[in-house]
Amino acid sequence: METGGNSLPSGADGKKRKVSYYYDPLIGNYHYGSGHSMKPLRIAMTHDLLLKYRVLDNMQVFKPIKATSHDLLQFHSDEYISFLKRITPDNAKELAGLCKIYYVNSNDCPVFDGLYDYCTSYTGGSLSAAARLNEGSSDIAINWSGGLHHAKCSAASGFCYVNDAVLAITELLKHRQRVLYVDIDVHHGDGVEEAFYQTDRVMTVSFHQRCIFPYDTGLINHIGSDQGKYHAVNVPLDEGITDHTYHSLFKPIISKVMEVYRPEALVLQCGADSLARDPLGSFNLTIKGHAECVNFIRSFNLPLLLLGGGGYCLRNVPRCWAYETAVAVGVELQNDLPSNEFYAYFGPHYTLHDPPIKALENKNSTNSLEKIKTRVLDNISKLEHAPSVQFQERPPDASVDVQLFSLN
């Protein structure tokens, strides 16, 4: 894959899309705590790059309405959501027993000021984005603060408290028979897979590094069960995978899924910890290589929800998501970064794309990748083509009456 230079051209698929973008101006103020890997500041940094690159001029920009407890209860348990509303740094010791039950106040999922508001903010963005796709007023909707794919029905996990991806998919299912969820985070999208493991209305496809968190999930033989058999696809990879070898699996697998499953809407979790030099991952993907997955998914011309996720190198994540926003819109960006509020973070090159670097050894052999691809494609071939479902009475839609965000 070419590195450096300008952004991906729009190509044959270059027609402009109607894109909605969701951003809460307060999201960057939430803080997991000193030394924690997860930094919501990266969302504010991404937004500032988009502002200075003038990409925002090509989208409808919205401040999302926060999710309600009713919204959260469409997936999470009442007891767990009540706990999240109640817990604060001041009462964490008093509620230590519940913290242990719900895996909160751990090193991964600490209690911090404004925790519940943070959850309702990023989840509100994903729900509003999904609802806008449902009403047909956007082709692509983006919420970089979302994609927190590890949270379970009654527990936090892996920096994630509320699973906005599950809730957004549930929202899409109000109007769509089948939704495809694709996850390119370096960590397995276990919370989303688990939520839909027994249904054929959602297909989950996760490309991730093996033998890291979450342990013992995302194995190639985890394929779904009951009605969901063959509707969970896992592509576990060894460290060091490059753009070219990643795409040699990603493109044929996704193409086969699209051919057989025929989804009516797409959700792409764009975790940026699969980039080279992320402190919690060991892949060799470049920003262009990561974004090629967005470009490829975009090319199917279906309603598309783009979510964030992991990503723990502060100089990498905003550049990646700014670039992927431009890919979604169909505009090109200059390689030299514009002056911005966080410019000092982007040294030493101050460019959108880094020059070539010494990469980690690619431990994915051609033979091992071919075996993975063959097995996965064989499983996909066992799917019933485009399963039909009978719609039940439809729950009310999430609100899309969001406030247009002022750029002044």
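Q: Why does Asn-340 count as buried?
A: Its relative accessibility is 9%, and buried means under 20% relative accessible area, with exposed over 50% and partly exposed in between (1.4 Å probe, protein chains only). So Asn-340 counts as buried. Bear in mind that this is a predicted model: local features need pLDDT of at least 70, side-chain atom pairs count only at pLDDT 80 or more, and totals for chains, interfaces and linings use all residues. Residues are numbered from 1 along each chain as its sequence is written, and side-chain values use heavy atoms, leaving out hydrogens and water.

Q: Where is Asn-340, and which residues is it in contact with, leaving aside neighbours within four places in sequence?
A: Asn-340 sits in the loop between helix H10 (317–329) and helix H11 (366–381); helices here are DSSP runs of H or I with at least four residues, strands are E runs of at least two, and both are numbered from the N terminus. With contact taken as heavy atoms within 4.5 Å, Asn-340 touches Asp-48, Leu-49, Lys-52 and Phe-346.

Q: What makes the pairing of the Asn-340 side chain with the backbone nitrogen of Phe-342 a polar contact?
A: A polar contact is a pair of N or O atoms within 3.5 Å; within protein, one must be able to donate a hydrogen and the other to accept it, and residues adjacent in sequence count only if both atoms are side-chain atoms. The Phe-342 nitrogen lies 2.9 Å from a polar atom of the Asn-340 side chain. The backbone nitrogen of Tyr-343 lies 3.0 Å from a polar atom of that side chain.

Q: Why is H8 called roughly parallel to H11?
A: The axes of H8 (residues 243–261) and H11 come within 10 Å and cross at roughly 5°. Axes are lines fitted to C-alpha atoms, for helices over the stretch in contact, and angles run from 0 to 180 degrees between N-to-C directions. Angles under 35 degrees count as roughly parallel, over 145 as roughly antiparallel, 65 to 115 as roughly perpendicular and the rest as oblique. So H8 is roughly parallel to H11.

Q: Is Phe-159 buried or exposed?
A: Phe-159 has 10% relative accessibility, so it counts as buried. Phe-159 also has a positive phi of about 75° although it is not a glycine.

Q: What makes Arg-262 exposed?
A: Arg-262 comes in at 52% relative accessibility, so Arg-262 counts as exposed. Its place is the loop between H8 and strand S7 (265–269), and its phi is near 50°, a positive value in a residue other than glycine.
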